[in-house]
Amino acid sequence: MKAGKLVALLVIAALITSFFLFDLNQYFSLEQIKAQQQALNEQVRANPLVAAGVFFAVYVLVTSLSLPGAALMTLLGGAVFGLGWGLLIVSFASTLGATLAMLISRFLLRDWVQTRFGRRLEAIDAGVEREGAFYLFALRLVPAFPFFLINLAMGLTRIRVGTFWLASQIGMLPGTLVYVNAGRQLGELESLGGILSPGVIGAFVLLGIFPLLARRLLDIIKARRVYKGWQKPARFERNLVVIGAGSGGLVSAYIAAAVKSDVTLIEKHAMGGDCLNTGCVPSKALIRSARMAAELRRAEQLGFRDAIARVDFAAVMERVQRVIRDIEPHDSPERYEGLGVEVIQGAARITSPWTVQVGDRTLATRNIIIAAGGRPRIPDIPGLDQVAWYSSETIWSLRKQPRRMIIMGGGPIGCELAQAFQRLGTRVTLLQRGERLLPNEDEDASELVRRALCAEGVDVRLGQSVRSFKCADGVQTAELIAGEDPAGNVEFDALLIAIGRVANTSGYGVETLDLRLREDGTLETDAYLATRFPNIYAVGDVTGPFQLTHAASHQAWYAAVNALFGGLRRFKADYRVLPHCTFTDPEVARVGLSENEAKAQQIPFEVTRFELAELDRAIAEEATEGYVKVLTEPGRDRILGVTIVGDHAGELIAEYVLAMKQNLGLNKILGTVHSYPTLAEANKYAAGVWKRAHAPQRILEWVKKYHRWKLG
């Protein structure tokens, strides 16, 4: 550290230490203000300029050093200087102090503050980068963070000092006015009976409702900015138009119809979206058939001899389509029209914040929900156009079983389909660029899945990817690399690309409205799922952050309710208890934090683990591979996250989802009766492991002595 910074840091540290060492904070209390008010008033009357100067200097010092007491000093300013002079003094003193605090942070504390509050400051950094002065103005008007934290955080950004000063001066003025006025009312009290005077009551009512009024004012200001240049229709035909009839769109329309609003649902392809037609439903149907093939191979282990069957691949794939057809009525236009939803088949295009065009019809709507979904990510690899490749959308057209298949991608889709095709008789090579499968899960879960795939014959290649493809004399070959080094060639008959998905953000008006995109290509939305236009929302894969059917449905409730009732109350989307499952064998299910996430976020935790090999039902089912792992707060039974690896893990996780949602700890699970013998007992036994580890040993020693005494 440079000498100048060191000296400045020592001086500031000395001032802050003195403040607490000499108990100066005792003077920053409402009782002290009232006790000294008469003396302060006399000093102001005797020498107003000196009193104002001293008060100004102290206020600046307190604010610049981020000491407690600024709010009470604001009240004091109103009490001794009155509304007019108090507002003038406090307004400029608070802005000067805040600016000095920002400069101190920029000069001295950049690294320390970033380390200490870095995760909490991510939203501020992004907001400043995007909107600068207006974002700071919004924070000042309706503080999402304490003012001292805003000062420190802004020192870490590139915001100009002049911009910081002006936005702070204007943004803090309404709040300062409310506080100074409350202080003035307190200063005029002559007895306790005066507390019930209309002036005092009114001042504190205003103090209480100011955040609500400020937020409403801010919403109006933001709306005027964002809608500038657009002509709002004189009347509306619909309360809500939903674009896309996948999971998010269907649930949005369902909710809107349930609350008797006029809602239109527009879909240009098939109702049900990816989940029904190319995702969850067909993949689980395929996995079911593949599991049957695996069970037959284990027949002797279960006491059967000569139990064999030949896989009819075409019949398996036709069954997949039959399952889709059986479920289709649940998502059909007829069903939703019966619920009160207007369903239109066609391509929608947003032409203004309130109008959507489909065919030759233009719908005027108060609100829009975008549920346009996503599509498979296809890499740009030389030679890809020369080979037979499929994505998770097109693989279901296969009727002739490929003898050899390469699957690119070791995420949930890649792992699930690799195991399924291998079980059905295809020789599968699974390529994962990273060093382990399922990188969003903990290492132990990833390793169990890798071992299971390898045991069934899948050729798992970690740390490898494709450099190029070629097709010569009807033979398709992939040239592999490990990093930048050659890793050999692999011949194949079919290629499945499962390296992720990208949001559908073009072709329906995103460009017309200049809706913002995140770095990952998804539509940017706020905590309420609104885009930059307060009446246009987005749910599901098009906005993320989770590419899960039930996540889209979960978001749909928030988007629909906020769109239709946002003028009364809005709800922030809550993802704290959102489960997910990878349907390999063994399954991997999780809710809440993983160990890796807890460590990355520096959240203290304890780990409790129960192995399925100790569970009676798992032994009877020949399904002992796996475990239940629970993360809890140190010394408490509050659940932070759960990972279950094993047979039916996706079903077992539901008990923990409920527990976390309802704030039930492991003691409650332990006290719940579970049928014997069931796999669900694993949840109770995991709670028992935690209980034994936290048994009150000192009390148990006394209990032991008591029992010995009872023996005589």
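In which sense do strand β4 and strand β5 pair, and over how many bridges? In this predicted model, strand β4, formed by residues 348-352, and strand β5, formed by residues 355-358, pair in the antiparallel sense, and 4 bridges connect them. The link from β4 to β5 is a hairpin of 2 residues.

One of the residue pairs can be named: V356 has L363 in β6 as its bridge partner. The hairpin of β5 and β6 has 2 residues between the strands, and there G359 adopts a positive phi near 65 degrees.

A separate feature of the model is its second largest pocket, which holds about 1000 Å³ of space. The lining of this pocket consists of 34 residues, and those nearest its centre are R291, R298, R423, D585 and D647. Two or more lining residues are given by each of the elements α12 (280-297), α15 (412-423), α16 (443-455) and α21 (649-661). Among the contributions to the lining, that of α12 is the largest share, at 8 residues. When the lining residues of the second largest pocket are sorted by class, 16 are charged, 11 are nonpolar and 7 are polar.

Conventions
Residues numbered from 1 in each chain as written. Predicted model: local features only at pLDDT ≥ 70, side-chain atom pairs only at ≥ 80, totals over all residues. Heavy atoms only, no water. 1 Å grid on protein atoms, 1.4 Å probe; cavity = no way out; pocket = protein on both sides within 12 Å on 5 of 7 lines; lining within 4 Å. Points joined across faces, edges and corners; volume = space filled by probe spheres on them. Nonpolar A, V, L, I, M, F, W, Y, C, P; charged D, E, K, R; others polar. Pairing = 2+ DSSP bridges.
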